[in-house]
Amino acid sequence: VVTGTQIRGKDMSGWLEYLKTREIEQARKLAMLSLMDYGATAAEAVPTLQGLLKEEVQPDIPRWAAETLGAIGPAANSALPDLLAMFTHVKNAPAHRAAACAALAQISPETPQVRKTILGAFRDPSTEVRSAAIDAAVLLPGDDRNIIAALTAALSSERDAVTAATALRCLGETGLATLTHAIERGNESARRAAALALSTVGSQAATSLPAILKTQKRERDPDIRAALLLAASRIAPKDPGMLQSLAERVAAAEPSIRKPAEDDVTPPEPYELETRLFISAGHAALPSVRTLLRAREASVRKLGVTILSRIADLPGEGIDDLVARAQDKDPEVALLAIKTLDGLGPAAAQAKQPLQELSRQDRELGRVAALAALNVSREPGKPRFRSLLDSRPDAEVLAALKDPDPLVRAEAAEALRSRTDD
C-alpha cells in the first residue's frame with residue numbers, strides 16, 4: 001500500500017481527478033492501474049469506480065473498475081451491491097463476472113451473501129468464472145467446511161483440478177491434508193493435480209511425505225508417479241526413502257522426474273535433476289547410489305560413478321564402491337572409476353593395492369590403473385603425476401623414448417617436456 005507519495009508523477013487525488021476527466025480508454029486504465037497501488041487509501045475513488053462498473057461504450061472498463069475496487073479492499077464495501085449485480089447478470093462477459101467475483105472476496109469475504117455467491121460460482125459454466133471463484137475461496141473464512149468440500153469436489157473435476165489444487169495449497173494444514181488424501185484416494189485428475197501442487201510446497205508439506213512415497217510406489221500412471229517423486233524431492237531432498245525411490249526409478253531407465261520446459265534453449269542432460277539431488281544429498285545418498293552402481297545398464301552405472309566423483313569428502317565406503325566399479329565389465333565404466341580414484345589422490349589411498357593388482361591383470365587399462373595407484377599413494381600436497389614416468393629419473397625417461405610402445409614414448413616425451421632441467 002502506498003501512502004503519502006506519488007505514483008507516476010501524481011498523488012492519489014491527482015489520479016482520481018485524471019480518471020474523472022479522461023474519456024480515452026487507455027488513459028482511464030492507466031489511472032485505475034495507479035489507484036490500485038494505493039489500496040485502502042484510494043477509498044475516495046469508490047463512487048467514481050462504481051459508476052464505471054456500468055460503462056457500456058468502453059466494454060473493458062467495468063472489468064478494470066471491479067479489479068480496482070478489489071484492490072481497495074474493505075474500504076470499498078459500499079460497492080458490494082453493484083459488484084453482486086455485475087456478477088449475477090449472466091449476460092455480462094465472463095471476464096467481467098470473474099473480476100467481480102474476485103473483488104467480492106477481497107472486499108467482504110465474511111459476508112454470507114458473498115460466500116454463497118463465490119461457492120455457487122464453482123458450478124458456473126464459464127471456466128474463467130469458475131477459476132476466479134476457486135481462487136477467491138482462499139480468502140473466505142477458513143472455518144467454513146463448505147469451502148473445503150467445494151474445493152475437494154472441484155479437485156475431482158478434470159476441468160478445474162489444477163486450479164483447485166493450487167487453492168488448497170494455500171490453505172495451510174487443512175489444504176495439505178486434503179491434497180494428501182487426494183493422492184491416496186482421488187481419481188486420476190485429483191491425483192495428478194494434487195501431486196503437482198505438492199511439488200511446489202517444499203518442506204512445509206513434510207507431514208505428507210510418507211503418504212507421497214507410499215503412493216508413488218503403487219501409482220500406475222508414470223506422469224503422476226514422476227510428479228509425486230518430484231514433490232518428495234522438494235519436501236525432503238535428503239530423505240533416504242526418497243533417494244532410494246529416485247535411484248530405483250533411474251536404474252529402471254524410467255524418464256526423468258523433470259520434464260523439459262518448452263522454453264529450454266538446450267535439452268537437459270539425462271537425469272540432470274536426479275544427479276543434482278544425489279550430489280546435494282552428499283553422504284546420505286551413498287546407499288541409494290549403490291543401486292545405480294549395480295544397475296544392469298552400463299550408462300546407469302556410469303552415472304553412479306559420476307555422482308560419486310562429485311560428492312564432497314567421499315568416505316571410505318564410497319572409495320570402496322569406486323574400486324568395485326574399476327573392475328566393471330564395461331570398459332567405459334571401469335575407466336571412469338579409475339580416473340575418479342586418480343583424481344581423488346591421497347584421499348583414496350585405500351585403493352592403492354586394488355589398483356596395482358588391476359594394473360597387472362588388465363592389459364587394456366593397466367597403465368591407467370598404475371598411474372591411479374601412483375597418484376593415490378603420493379604424499380598429500382604434492383602435485384598430481386600426469387604419467388607413470390613423472391616420478392622416474394631422467395635416465396629412465398630418456399630410455400623410454402626408445403620403447404616400442406608408442407604410448408610409452410609419448411609419455412616419456414611429455415615427462416621430459418615438463419621438466420625444467422633442459
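Author: In this predicted model, a pocket is an open set of grid points with protein on both sides within 12 Å along at least five of seven lines, and a residue lines it if an atom of that residue is within 4 Å of a point.

Reader: What makes H14 the element that gives the most to the lining of the largest pocket?

Author: H14 gives six residues to that lining. The elements that give two or more residues are H12 and H14. The largest pocket has a volume of about 370 Å³. Of the 15 residues that line the largest pocket, Leu-196, Ala-227, Leu-230, Ile-257 and Lys-259 are the closest to its centre.

Reader: Which classes of residue make up the lining of the largest pocket?

Author: The lining of the largest pocket has eight nonpolar, one polar and six charged residues. Lys-259, one of the residues closest to the centre, belongs to the charged class because Lys is counted there with Asp, Glu and Arg.

Reader: Why is H12 called roughly parallel to H14?

Author: The axes of H12 (residues 188–198) and H14 (residues 222–235) cross at roughly 25 degrees and come within 8 Å. Angles under 35 degrees count as roughly parallel, and therefore H12 is roughly parallel to H14. The crossing of these two helices is left-handed.

Reader: Which residues make the contact between H12 and H14?

Author: From H12 come Glu-188, Arg-191, Arg-192, Ala-195, Leu-196 and Leu-198, and from H14 come Asp-223, Ile-224, Ala-227, Leu-228, Ala-231 and Ile-235. This contact comprises eight nonpolar, no polar and four charged residues. Leu-196 and Ala-227 take part in the contact and are also among the residues closest to the centre of the largest pocket.

Reader: How do you know that H4 is roughly parallel to H6?

Author: H4 (residues 61–72) and H6 (residues 94–107) pack at an angle of about 10 degrees, and their axes are 8 Å apart. The limit for roughly parallel is an angle under 35 degrees, so H4 is roughly parallel to H6. The crossing of H4 and H6 is left-handed. Among the residues in contact are Pro-62, Ala-66 and Gly-70 of H4, and Ala-95, Ala-99 and Ala-103 of H6. By class, the contact of H4 with H6 has nine nonpolar, three polar and two charged residues. Gly-70 of H4 is in this contact, and Gly is counted as polar.

Reader: Which residues line the largest cavity?

Author: The lining consists of Val-323, Ala-326, Gln-327, Leu-341, Ala-351, Pro-354, Leu-355 and Leu-358. Helix H21 (residues 352–361) supplies the largest share, three residues. The lining of the largest cavity has seven nonpolar, one polar and no charged residues.

Technical notes: Residues numbered from 1 in each chain as written. Predicted model: local features only at pLDDT ≥ 70, side-chain atom pairs only at ≥ 80, totals over all residues. Heavy atoms only, no water. Axes fitted to C-alpha atoms, helices over the stretch in contact; angles between N-to-C directions. Helix = DSSP H or I, 4+ residues; strand = E, 2+ residues; numbered from the N terminus. Parallel < 35°, antiparallel > 145°, perpendicular 65-115°, else oblique. Left-handed = near helix turned anticlockwise from the far one by under 90°. Contact = heavy atoms within 4.5 Å. 1 Å grid on protein atoms, 1.4 Å probe; cavity = no way out; pocket = protein on both sides within 12 Å on 5 of 7 lines; lining within 4 Å. Points joined across faces, edges and corners; volume = space filled by probe spheres on them.
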